Amino acid sequence: MVTKPTGGAIGQAFEMLSVETSGPSLSDQTAAVRVWLAHIGAVDGMLTLFIRHTSASLLIQENADPDVHTDLLDALDRLAPRERPYVHEIEGPDDMPAHIKSALTQTSLSIPVQAGRMLLGTWQGIYVVEHRDRPHRREIALHYLGTFRD
Amino acid sequence: MVTKPTGGAIGQAFEMLSVETSGPSLSDQTAAVRVWLAHIGAVDGMLTLFIRHTSASLLIQENADPDVHTDLLDALDRLAPRERPYVHEIEGPDDMPAHIKSALTQTSLSIPVQAGRMLLGTWQGIYVVEHRDRPHRREIALHYLGTFRD
Amino acid sequence: MVTKPTGGAIGQAFEMLSVETSGPSLSDQTAAVRVWLAHIGAVDGMLTLFIRHTSASLLIQENADPDVHTDLLDALDRLAPRERPYVHEIEGPDDMPAHIKSALTQTSLSIPVQAGRMLLGTWQGIYVVEHRDRPHRREIALHYLGTFRD
């Protein structure tokens, strides 16, 4: 499908999504984002998610079997083990591993939206991944650029 | 170069690219994307690629020496070994490693387009990385937002 | 905040940022990007950064304690050690690890801009990560799509 330029048709919308976490976990944001897109009347365009932190990150991951999340957190622990001697230790033993895990995953995600729906695959969900031990309030900036319902 | 707002100049186009894979590999999509941009008459704008799967992913990688791809797949195998005990084993020993490899690489890519050409460096190619053993048909959503030829 | 379509309001701007590196390091580009956004008169929109290389990459990381950068480079060295036998050795022992590190981090970043400011968190900076030993000149394409000051 090609939508050629149509005068004045492209607009944009912003939102700040706030997520409460409690320790290492994947927190599903798919429904919240879907609700927001419906609320603003998004039709065709580009959705961007941006997490405003460096010790939590974003991922698109499988949404069916929660065991995948367990194994994924375990894999990140092996890739960024907390038992190593880090120079940066002032914020606790879970902080430097959290920065490394964030570097290995995503700070921003871009998802096309068509006919009001994100073009996610059947098994894809949008997740905030918390890498710190203690509860945190995480902010995700949402941005949509595209056409809107009248 | 600054292109200030020009009424009605910005439009968009969508496409679904289908890629047949046969086992772990990097599959070059650069030419297919280039053909699509020419077909729609893209001039200046932003191209987004989004893969609709969680056991295959996207990467921009070196396009000259195929040995780089061999070493890269080998590196991903070491980072997400299949010989480990995973909780999620129901879909086979290559499935959980595939999810981990996808998490460590990209689901979406954003590439600026100027004067009809992607601003890729000389040695950059766009790849679908298959992480599963068996052949799969993978879908990549393409989205272009920008100006078009008349 | 919702900005509904306003005829002719959305435009775009491109720039090529050139960065001189000297060995593995994180080089802060936040101020340079901020200056550019002010220069073009960006108001509300989407900023994309795209690095045109496969042995250097982009990251959003903590901007407060330089020890984080030391530990992060060390972590990347462990994930992509140069002491392994690689097939691709023709460009030196630091080249294949550099491609792997690039694959594990980012080639493109998308950052929402609101009221002329990037929506970065307090502790977030934008970095070019050099993975090669020798000095390089790296090019980062900047693209802004959104509204502009009159």
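This passage walks through a predicted model, from the single chain to the contacts between chains. Residue numbers start at 1 in each chain as its sequence is written, while chains are lettered from A and ligands numbered from 1 in the order of writing. As the model is predicted, local features need pLDDT of at least 70 and side-chain atom pairs count only at pLDDT 80 or more, whereas totals for chains, interfaces and linings use all residues.

The C-alpha trace of chain A spans about 60 × 30 × 25 Å along its principal axes. Of its 150 residues, 51% count as buried; a residue is buried if 20 or more other C-beta atoms lie within 10 Å of its own, exposed if 12 or fewer, and partly exposed in between, with C-beta atoms placed from the backbone. Two residues are in contact if their C-beta atoms, placed from the backbone, lie within 7 Å. Among contacts in chain A between residues at least 6 apart in sequence, 84% join residues at least 24 apart.

The relation between copies comes next. Chain B is superposed on chain A by a rotation of 120 degrees with 0.0 Å of shift along its axis, at an RMSD of 0.0 Å. This is the relation of a three-fold axis.

Where chains B and A meet, 31 residues of chain B are in contact with 38 residues of chain A. On the side of chain B that touches chain A, strand S2 (11–22), strand S4 (42–51), H3, strand S6 (108–114) and strand S9 (135–148) of chain B each supply at least two residues. The largest share of that side, five residues, comes from H3(B). By class, the side of chain B that touches chain A divides into 17 nonpolar, 13 polar and one charged residues; here Ala, Val, Leu, Ile, Met, Phe, Trp, Tyr, Cys and Pro count as nonpolar, Asp, Glu, Lys and Arg as charged, and the others, Gly among them, as polar. The contact between chains C and B takes 31 residues from chain C and 38 residues from chain B. There, H3(C) gives the most to the side of chain C that touches chain B, with five residues.

Strand pairing follows, with two strands taken to pair if DSSP finds at least two bridges between them. S9(B) is mostly covered, with ten of its 14 residues buried. Twelve bridges join S2(B) to S9(B) in the antiparallel sense, and Thr21(B) has His136(B) in S9(B) as its bridge partner. S4(B) also pairs antiparallel with S9(B), over eight bridges, and Ala42(B) is partnered there by Phe148(B). In chain C, an open sheet of three strands has the order S3-S8-S5, with antiparallel pairing. Its edge strands are S3 (25–28) and S5 (56–62) of chain C, each pairing on one side only. Seven bridges join S5(C) to strand S8 (residues 124–130) of chain C, and Ile60(C) stands opposite Ile126(C) in S8(C).

Beyond its neighbours within four places in sequence, Tyr144(A) is in contact with residues including Leu37(A), Ile40(A), Leu47(A) and Val113(A). Trp36(C) lies in helix H1 (residues 30–40) of chain C, and counts as partly exposed because it has 17 C-beta neighbours inside 10 Å. Not counting residues up to four places away in sequence, Trp36(C) touches Glu15(C) and Leu142(C). Trp36(C) and Glu15(C) are 21 residues apart in sequence and 8.3 Å apart in space, C-alpha to C-alpha.

Notes. Least-squares fit on C-alpha atoms with pLDDT ≥ 70 in both. Helix = DSSP H or I, 4+ residues; strand = E, 2+ residues; numbered from the N terminus.
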